[in-house]
Amino acid sequence: MNSSLLLGVAIAIAIGCASILLPYFSDRNQGLNEGCSLLPHRHFWLYSKRVLTPGGIMPAAVEINGGHIVSIVHQNKTPKQTKGAHVIDYGNAVIMPGLVDVHVHLNEPGRVEWEGFVTGTKAAAAGGFTTLIDMPLNSAPTTTSKEAFDMKVDAAKGRLFVDVGFWGGLVPENALNNTAIDELLQAGALGLKSFMCPSGINDFGQTNASHIKEALRILAKYQRPLLVHAEIPQPLEDEKTEIDISERRMYSTYLRTRPPSWEEEAIKILIAVSKDTHFDGSKDRAHIHIVHLSDSSVSLDLIKEAKESGARISVETCPHYLAFSAEEISDGDTRFKCAPPIRDVLNRERLWKALKDGHIDMLSSDHSPSSPELKLLEAGDFLRAWGGISSLQFGLPVTWSYGQQHGLQLDQLSELWSQRPAKLAGQHKKGTIVTGNDADIVVWDPENEIQIGENYTIYHKHPITPYAGKHLFGSVITTFVRGNMVYENGSHASTACGVPILAV
Ligand SMILES: NC(=O)NC(NC(N)=O)C(=O)[O-]
Ligand SMILES: [Zn+2]
Ligand SMILES: [Zn+2]
């Protein structure tokens, strides 16, 4: 054997060894932190016959390395050529972008007895959510200053099983103080959230049009949205001063106290304000996002018209407005109490139509649990019980099960739960399965039947929910957050490696 041949053999052996060892070293190099993932790899492939990409649903292999999607190969068979990386074949299960919930009340710090970062994000992971954006109220302090924001982020560190961003709070105390708002946004708030009616939390007061206008001026500069709870109390017809407990137990009594005109009035003002948000000659306009729309009548028409005439407005609705109707809520069953209220069946059907026709931009849970005592379940007093529905973990099977009955396709569902909410929160590396994005993925079986509560672990702090006992379709198999397998078939990763998402 001559010397050049020997050299060739040596190089070939070296390359061979390198390719065997490469996955090991690349895992090491990409900072594999074992507790973060149920999978001991940072470089691997996911395969299934139904992968949801922006190009549609197709058989494909998704290559993940170092927490990112690095390639997507359309093919009908499990990949064999994998550069030595691990392959998981999910068969016929759906591989889809992880869900992004822009409206969650995690209530920490301060009200850990209601929910918390650990329980809330474990429930999220088990439900296929990979990113949550936390609301600035129900925690104590409310997230209305830089100091409170920093406290929130500190409280979240090391306690998140999925990634979590934070909205700051817009309240009368900071609305006219440009420095305070600037500081809150510079601290990393992804946008601001405000109430146009009492919020139920003493230090989170309601704002008016002047407060909102002033805040939009600053938000436009940062290109971050203002989210608004759009209800303004209106005088009620035949309002009584004394309502006895038997009437307070009736759902119809509660429904009458918050008519659609409350939503209409707020939305009219928001649209008027949004017309004039070219501030300081800037071409960038502020964005107003209406949270949890319930009224699908005049309020929705107003939003449609405003959008058609170019207003920078978006709107979300929530699973409970799509799954339930006022007619089916039993008197005394305050698990269903939320604001704005769940309305009649006709209203619900119009919401579905608007979703399918693209007039409602996205879905969110508005997961807003409290401690069980505050729901006043024994008294069943709708007027005094805490308003807020606990639902985070069930969003995917609920909207898929009822969505199917209304002709909603999987790709539409994914746009509503992932792509559009990610965009609202300014998370351009999340919400779609495309090369270069974060590997935030849910793998689930849309055909599998589940029953909430039966052989189905609820990870929320409290299991109380109006969905208890519901038969639904769709079970989450695996959830990946930035390539970490954070949940699979009833088990979570041992370490909470979700990160706080701060705007930059
Ligand atoms: N303080 C709350 O969490 N309120 C929430 N309550 C509901 N929706 O009933 C909300 O988002 O308005
Ligand atoms: Zn609200
Ligand atoms: Zn809310």
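Predicted model: local features only at pLDDT ≥ 70, side-chain atom pairs only at ≥ 80, totals over all residues.
Local features were taken at pLDDT of at least 70 and side-chain atom pairs only at pLDDT 80 or more, while totals for chains, interfaces and linings use all residues; side-chain values rest on heavy atoms, with hydrogens and water left out. Residues are numbered from 1 along each chain as its sequence is written, and chains are lettered from A and ligands numbered from 1 in the order in which they are written.

Helices (H or I, at least four residues) and strands (E, at least two) are DSSP runs, numbered from the N terminus, and two strands are said to pair if DSSP finds at least two bridges between them. With these terms in hand, we can turn to the four-stranded open sheet, whose order is E6-E7-E8-E19 with parallel pairing. Its edges are E6 (99-104) and E19 (500-501), each of which pairs on one side only. E19 runs parallel to E8 (residues 163-166), to which two bridges join it, and Gly165 stands opposite Ile501 in E19. Helix H2 (residues 117-126) lies across E7 (129-134) and E8, at about 140° to E7. Here contact means heavy atoms within 4.5 Å; axes are lines fitted to C-alpha atoms, for helices over the stretch in contact, and angles run from 0 to 180 degrees between N-to-C directions.

The other open sheet has six strands in the order E9-E10-E11-E12-E13-E14, again with parallel pairing. Its edge strands, E9 (168-169) and E14 (362-363), each pair on one side only. Within this sheet, three bridges link E11 (residues 226-229) and E12 (residues 288-290) in the parallel sense, and Leu226 has Ile288 of E12 as its bridge partner. Helix H9 (residues 260-274) lies across E11, E12 and E13 (313-317), running at about 165° to E12.
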